Amino acid sequence: MTGVPASAAGGAGRPVPGGKLGAAAVNQASLWNIANILTMLRLVLVPAFVVLLLQDGGYDPAWRAWAWAAFAVAMITDIFDGHLARTYNLVTDFGKIADPIADKAIMAAGLICLSALGDLPWWVTAVILFRELGITLMRFWVIRHGVIPASRGGKMKTLAQGTAVGMYVLALTGPLATLRFWVMAVAVVLTVVTGLDYVRQAIVLRRQGLAARVAVDATAEDRRP
C-alpha cells in the first residue's frame, strides 16, 4: 500500500541519481515499507493459521489457542497497514492488490477450516464467501464509473466476522459457545445487508456513469459544425 514519499525520492528539488534507472530503484525500494510488510506478514500468517488450527485433527485446545493468536495478529495488521498507508502516503500497486487478497484469504481460510471441522455450518461459509467474491467482482464491474467507498456498515461487518470467526477458532464451551453463535448470526446478517447495499450503490453508480457519458457525447455532438 505504498507510494514514493518525497523523502524516499531524495527530497524536493534534488534529482534522483541515475535518471530512469535511479527512479526505478527508488520505486522498487518503496515496496519495502511498513504498510506493505504488514500486508506480507498477513499473507504469511494464512498458511500458518491453517496448520495451527488443523494440528492433531483440529480439536486440540492448545493448538487452537495458537491458531487464534495468529488470526488475531492478522486482523490487527489489517487495521494498521491501511491506516499507515493512508497517513504516510505509502500506497503502492502491490498494496492495492495484496491487501484485499490477504484480508479475504485469512477469513476464507478460517471459515473453510471451521466448516471442514464441523464447527460451522457450510451454508454460513458459503453466504460469506459468495458475498465477498461477488462484491469484489462488482467493484471491478463499475470501476470505470467510480469507486464504491467502504461504508460504516461494511466496517461493522468486517469487525463482526473477525470477532465471530475468532470465537469459533477458540475451543469455547458453555455461555461463551452460545454467545459466539449469536455473534456469527449478527455477522451473517450484516454480510447480507451490506452486500445488498453495495449492489444498490453499484447500480446507481453505473447509471450515473452511463448518464454522464451520454451527456458528454450529446454535448460533443452539438458542438460539431
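The model is predicted, and everything I quote is computed from it. I will start with the overall picture. The protein chain has seven helices and zero strands. Read from the N terminus, the order of elements is α-α-α-α-α-α-α. There are 225 residues in the chain, and 38% of them are buried.

Next, the contacts. Take those with a separation of 6 or more: 75% of them are between residues 24 or more positions apart. The accessible surface comes to about 13,100 Å², and carbon and sulfur atoms account for 72% of that.

Now to the surface patch. Which residues form the nonpolar patch? They are Leu43, Phe94, Ile97 and Ile101, and together they have about 340 Å² of accessible area. Helix H4, residues 93-116, supplies the largest share of the patch, with three residues. Phe94 is found in that helix, H4. Its relative accessible area is 30%, so Phe94 is classed as partly exposed.

Helix H4 also holds Asp99. Is Asp99 buried or exposed? Asp99 is buried, because its relative accessible area is 13% and the cut-off is under 20%. Its side chain has a polar contact with the side chain of Arg42, at 2.5 Å.

That leaves the aromatic rings. A pair of aromatic rings is described by two quantities, the distance of the centres and the angle of the planes. How many aromatic pairs does the count give? It comes to two.

Phe49 sits in helix H2, residues 34-54, and Phe71 in helix H3, residues 61-87. The two residues are 22 apart, and the pair links distant parts of the chain. Both Phe49 and Phe71 are buried.

The other pair is Phe181 with Trp182, with ring centres 5.1 Å apart and planes at 80°. Here the angle is over 60 degrees, so the pair counts as edge-to-face. As for accessibility, Phe181 is partly exposed, with a relative accessible area of 46%. Trp182 has 54% relative accessibility, and the threshold for exposed is over 50%, so Trp182 counts as exposed.

Methods:
Residues are numbered from 1 along each chain as its sequence is written. This is a predicted model: local features need pLDDT of at least 70, side-chain atom pairs count only at pLDDT 80 or more; totals for chains, interfaces and linings use all residues. Side-chain values use heavy atoms; hydrogens and water are left out. Helices (H or I, at least four residues) and strands (E, at least two) are DSSP runs, numbered from the N terminus. Buried means under 20% relative accessible area, exposed over 50%, partly exposed in between (1.4 Å probe, protein chains only). Contact means heavy atoms within 4.5 Å. Accessible areas come from the Shrake-Rupley method with a 1.4 Å probe; for residues, only the protein chains shown count as cover. Patches are made of residues with over 30% relative accessible area and no salt bridge: like charges are joined within 9 Å, nonpolar side chains (Val, Leu, Ile, Met, Phe, Trp, Tyr) within 5 Å. A salt bridge is a side-chain nitrogen of Lys or Arg within 4 Å of a carboxyl oxygen of Asp or Glu. A polar contact is a pair of N or O atoms within 3.5 Å; within protein, one must be able to donate a hydrogen and the other to accept it, and residues adjacent in sequence count only if both atoms are side-chain atoms. Rings of Phe, Tyr and Trp (its six-membered ring) pair if their centres lie within 6.5 Å; planes under 30 degrees apart count as stacked, over 60 as edge-to-face and the rest as tilted.
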